Amino acid sequence: MAVAIATALTLPTWTVFAQDTSSTTQGNTDQAKQLETVTVTGSRIRSVDMETAQPLFTLDRAEIQKQGYVTVGDILSHMTNAGSAGVNKSTVLVSNDYAGGSYVDLRSLGLSRTLVLVDGRRWGTNTDGFTDLDTIPSSIIERIEVLKDGASAIYGSDAIAGVVNIITRTDYNGAEANVYFGKNGQGDGTNQQYDFTAGKSVGNASFMVGGTYAETDPVWARDRDYALYPKGVLHPTEGLSSFGPGGLISNGPGGDAYKLNEGGDPTKFSDYHSYLGAADNYNADQQMMLASGSKRKSIFAKAAYKFGDNLNLHGDALYNERTANIQVAGYPVGTATTGLVLDKNSYYNPLGVQSGYATPQDVEFLRRGTENPRLTKNTVKTYRLGGGIDGAFSAGEHYFTWDVSAFINKNTGHIFGTGNYDLVKMQQALGPSFKDTDGVVKCGTPGAVITGCTPLNALAGDGGWTRDMLDYIGRPTNGTYGSKTTGFTANISGDLVQLPAGTMQFAAGAEYRRESGYQRPDGYSQTGNSTDLAADPSSGSYNTKEVYAELNIPLLADMAFARQLSVDIASRYSRYSNFGSTTNSKFGLTWKPVNDLLVRGSYAEGFRAPTINDLYGGQSQTFDNYTDPCDVTFGSASTNPAVAANCAAAGLGANFHQTDAAGKPVDGPGAQSTTPFLSGSNVNLQPETSASKSLGLVYSPHFVQGLDLSLDWYNIRIKNLISGVSSDNVLDDCYLRGVAASCGLFQRDADGQVVNLSHTLANKGWLETEGYDFTLNYRLPKFSIGQFVVHLDSNYLVKYNSNAGSGAPTEFNAGNYSIWRNRTNANLDWSLGNFGVNWGVRAYSNLKEACAYDKAGGPLCDLPNHYTPGVGVTPMRTVGGIVYNDLQVRWTAPWKGTFSVGANNVFNREGAAFYSGPANLSDSQYSYNPAYDIGRFFYLRYNQKF
């Protein structure tokens, strides 16, 4: 847990005394005046000056209410320095404990490399180190501070990309209620939220309580053109699934495949036709959600009591419950995925004994359970309880503040799923069966009926799997998971010594934190006897003991070209029970050569400790998307003679193709494996380490009142990455880079296809990003026609390079999916009396991705000769940028009510979809970036103060 940012953020602000250096008319008498001090995210030292050595983005409550978003996750995902909201509400995460939540990814460095605080204290994470922002009710927020710099020396682990600090409302007297209702222009995705907040100060006591209920409806892929087909509207027949509601025999006469005619009798082979490929395939996206639905309810309370002027007691509590419902297409049941066949003695076998087929045989089949789509209900409950005591004292002319606090944050979750099948019962249902004298088809043979078994009409058309069949073979899943963070902190800060340029200040403290977590799939899923991916139960914990110190030293003041010059030095020692110790330091500088200009810079060391799942997550099955390097069409063997030679040495022919579940050559790179691979954790992982550098200018010209400009350069380099070694990494290590050990991590079946591939986490490789942040804020002079305020925030990315280690080439990803070169937000706000209008613009630059079609230079491959340093010619496709416009109109009524009506994406712009990005629909190779809007969105907000 990060030590509280001077816990007073949740209490009445402390005051200290400073000397006023101005002369009076009565003899230059120094007079003491009371100045309010604050703490700003990125430093523990309380100060009158809000300007820091680190770039800080602040969004207050009034600005939040001018947006069309109500959840913390949605608000933060639209910042210019936030990466793609890759897992927010995404449906591909159906079996993960973070499915349905909202997360922030600063600098595109990963969800676990951004630290989230609430009132300066760590908020709980799941076992992957992700913080679900939807567990923080937006109604309690006073402001959001985002530190765009590394801060491990101040806050410890995870603060590599930056820190998000949610500051809650304090000293609130009164009550208010909010109603928010929004809907997509196409009539779906309804989003509604209702909340109330009430607070009161009575004598030395104060309290606040708030409650929220929110509900979001899903959006279906079939209702959006860009999600209608697996590889987009330009290729509607590509990427379709051979698993559809009409049964497919894959070992028919002559070894050929045969598909059931629509409306045909699945027990009669004469009702089948030769499989026609794409024309007979199924569009599984029709059953997919593009965005999941959810419900959320929460209650938050905080209280404080002042014992005199220098001692305070405070506490807070939260309960939040979120339920997300996620649907993907029915499970693709078949010989390729389960190893099961339709027995030749089954009543439903068209090539079997009872059909009268001349040479009865078992049938290898493919069929998707469209009658029973996979639905996951993920419910997570968050409990938070914190409290502490703080105060102030003086020693001579020195003033000090201190605090001691503790908290506990606990998440407990339950994942209930339908749409999976019991393989043991399915084997019985596909085994021998017959029609009895009562006209009922039964499992077994005459005189040896299997009681309770319902035979499966495996090859039946859509609707042919009856409720009785599904009830027998269906296997609901019930998994539980949880995480718990407990923290204790003690801090002190204050003045040390008066220097000619000002007061040297310090902060110091100690902290203890314990993290624990578990994941428990239901017992049957653990056996591997169901179609749900098998996973072992896992649990683990670790603790850390930390001490830190920070020192601010003013060097020069009120001099020519040095109106102010100071340095800030901080260091933190952390001792972890699992891997040992680490020390991380930070150096910052602020310099004002003139009153209008601030120059700031920092250098920071950082680290990220491995998470519970990184260390103790166990082994689990995955269906990975990968490209076999030996594939002669899409693999490296098609262009690299050395790889082709290595593949030949492994016994693969010159015409080898990676195949899909139907045994046909895949139609593009990154196809999904037809058998499960194995991934898992690594208890021997070490922490990631980082170095962050920043240098910036803040300019506030005195001759243009209300104008503030800032430009900051940053560079972050992370080493010893905790990486999920992908299937592609393993295969490329073996065939491309000649790493013999990697060749032992997989096998090939009789047809040469990759099977039994195993990959675990490892400390491997590095990542570096560099860029610029530019901000403009201008409050124009007030005119008779109203008050105008302009805000612009822009990020330009210079580099985003990574290397997977083991001799892999460096990847240059700036401008590639989904690492934008530039993101810019601009807002113009006008207000006059009780009326106001806010116009917002959100701009995303174009992106590149690997060519999926027309490699010779067609419309989807406009950069056929694109050269990647260290790799060579890599044909690329340019995907255009997009600009969204948002509008809100507001009116404050005489009865203290405020109406706001608006639209996000006023012009209903659609961002481009991608062929190479990670699919947000199962079975789809075409992805709509979840950072883009999914259409025009209208909303109405009403705020009532009492």
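A: Two strands count as paired if DSSP finds at least two bridges between them. Strands (E, at least two residues) and helices (H or I, at least four) are DSSP runs, numbered from the N terminus. The model is predicted, so local features need pLDDT of at least 70, side-chain atom pairs count only at pLDDT 80 or more, and totals for chains, interfaces and linings use all residues. Residues are numbered from 1 along each chain as its sequence is written, and side-chain values use heavy atoms, with hydrogens and water left out.

Strand β27 covers residues 538–559 and pairs with strand β26, residues 502–520, over 15 bridges in the antiparallel sense. Within this pairing, R513 has T544 in β27 as its bridge partner. Strand β27 is also joined to strand β28, residues 562–576, by 14 bridges, again antiparallel. Here L551 is placed opposite I569 of β28. The hairpin of β27 and β28 has 2 residues between the strands, and F561 takes a positive phi near 60 degrees there. In general, strands of a sheet pair through backbone hydrogen bonds, either parallel or antiparallel.

Elsewhere, an open sheet of 5 strands has the order β14-β13-β12-β19-β18, with antiparallel pairing. Its edge strands, β14 (272–274) and β18 (332–334), each pair on one side only. Inside that order, strand β12 (residues 248–249) and strand β19 (residues 365–368) are joined by 2 bridges, and L248 stands opposite L366 in β19.
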